[in-house]
Amino acid sequence: MAQNGTSQNSTQNTTMTQLPHPFPAYKLPLNKSLIKFYIYGSHECCRCRRLLNFLSETYGNDSIVFYEISNGTNNTIVSKGFLVDYPEMGYLPITGIAYNGTLVAIVSGYNLPYDVEGLIKIALQYRVLVIKDPSGKIHYVGSAEKRAALEEVFLYNRLPSGS
């Protein structure tokens, strides 16, 4: 544990941290029309369907891109491009959240709905990619190279070069 209350995991280039609460970022205004969700999931998954319904009602259908993992290509992309580095994040749905065209958060499992704007605000304030694992712990990725690789997976549905 580092002196500032964070723990580093150098192999994954992520840091798990306790951020102050309430977050000062909550004061930042967001434009909901700039929020987009990139979801790896299955239409057979009840949590996935529940998330799709919530996001559709709250943000509109145009804010959602859904990658069906029963499609072998989509399964390979999320497995090799994301889960290889974050195996604990393998709970469906796996949702990338973009704000103004930039990936700002990734959430695994159905623990997203009421945190969307808070996660975006944290990412914008701290200039990191926020990752929320299935247990609700917050991790972040500061490496520009790692963030670019994860954008390939979520925003463009393709494996990063070198994968």
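Trainee: Why does Lys36 count as partly exposed?
Mentor: Lys36 has a relative accessibility of 30%. Buried means under 20% relative accessible area, exposed means over 50%, and partly exposed lies in between, with a 1.4 Å probe and protein chains only. Lys36 at 30% therefore counts as partly exposed. This residue is in strand β3 (residues 35-41).

Trainee: What kind of model is this, and how are its residues numbered?
Mentor: This is a predicted model, in which local features need pLDDT of at least 70 and side-chain atom pairs count only at pLDDT 80 or more, while totals for chains, interfaces and linings use all residues. Residues are numbered from 1 along each chain as its sequence is written, and side-chain values use heavy atoms, with hydrogens and water left out.

Trainee: Which residues does Lys36 touch, not counting those up to four places away in sequence?
Mentor: Contact means heavy atoms within 4.5 Å. On that basis Lys36 touches Asp62, Ser63, Val65, Gly96, Ile97 and Ala98.

Trainee: How many helices and strands are there in the protein?
Mentor: The protein has 4 helices and 8 strands. Both are DSSP runs numbered from the N terminus: helices are H or I with at least four residues, and strands are E with at least two. Along the sequence the pattern is β-β-β-α-β-α-β-β-α-β-β-α. Of the 163 residues, 47% count as buried.

Trainee: What makes Pro93 buried?
Mentor: Its relative accessibility is 0%, so Pro93 counts as buried. Pro93 lies in the loop between α2 (72-83) and β5 (94-99). Leaving aside neighbours within four places in sequence, its contacts include Ile39, Tyr40, Cys48, Leu51 and Val107.

Trainee: Which peptide bond is cis?
Mentor: The bond from Leu92 to Pro93 is cis, with omega near -10°. Most peptide bonds are trans, and most residues other than glycine have a negative phi.

Trainee: Where is a positive phi found in a residue other than glycine?
Mentor: Arg127 has a phi near 55°, and Asn157 has a positive phi of about 55°. Arg127 is in the loop between α3 (116-126) and β7 (129-132), whereas Asn157 is in the segment after α4.

Trainee: Is Arg127 buried or exposed?
Mentor: Arg127 has a relative accessible area of 70% and is therefore exposed.

Trainee: How does the span of α4 stand against the expected value?
Mentor: The expected span is 1.5 Å times one less than the number of residues. Helix α4 (residues 144-155) has 12 residues and reaches 15 Å from its first C-alpha to its last, close to the expected 16 Å. Its buried residues include Ala149, Leu150, Val153 and Phe154.

Trainee: At what angle do α2 and α4 pack?
Mentor: They pack at about 165°, with their axes 10 Å apart. That angle makes α2 roughly antiparallel to α4. Angles under 35 degrees count as roughly parallel, over 145 as roughly antiparallel, 65 to 115 as roughly perpendicular and the rest as oblique. Axes are lines fitted to C-alpha atoms, for helices over the stretch in contact, and angles run from 0 to 180 degrees between N-to-C directions.

Trainee: Which residues of α2 and α4 meet?
Mentor: Ile77, Val78, Gly81 and Phe82 in α2 meet Leu150, Val153 and Phe154 in α4. The residues of this contact divide into 6 nonpolar, 1 polar and no charged. Ala, Val, Leu, Ile, Met, Phe, Trp, Tyr, Cys and Pro count as nonpolar, Asp, Glu, Lys and Arg as charged, and the others, Gly among them, as polar.
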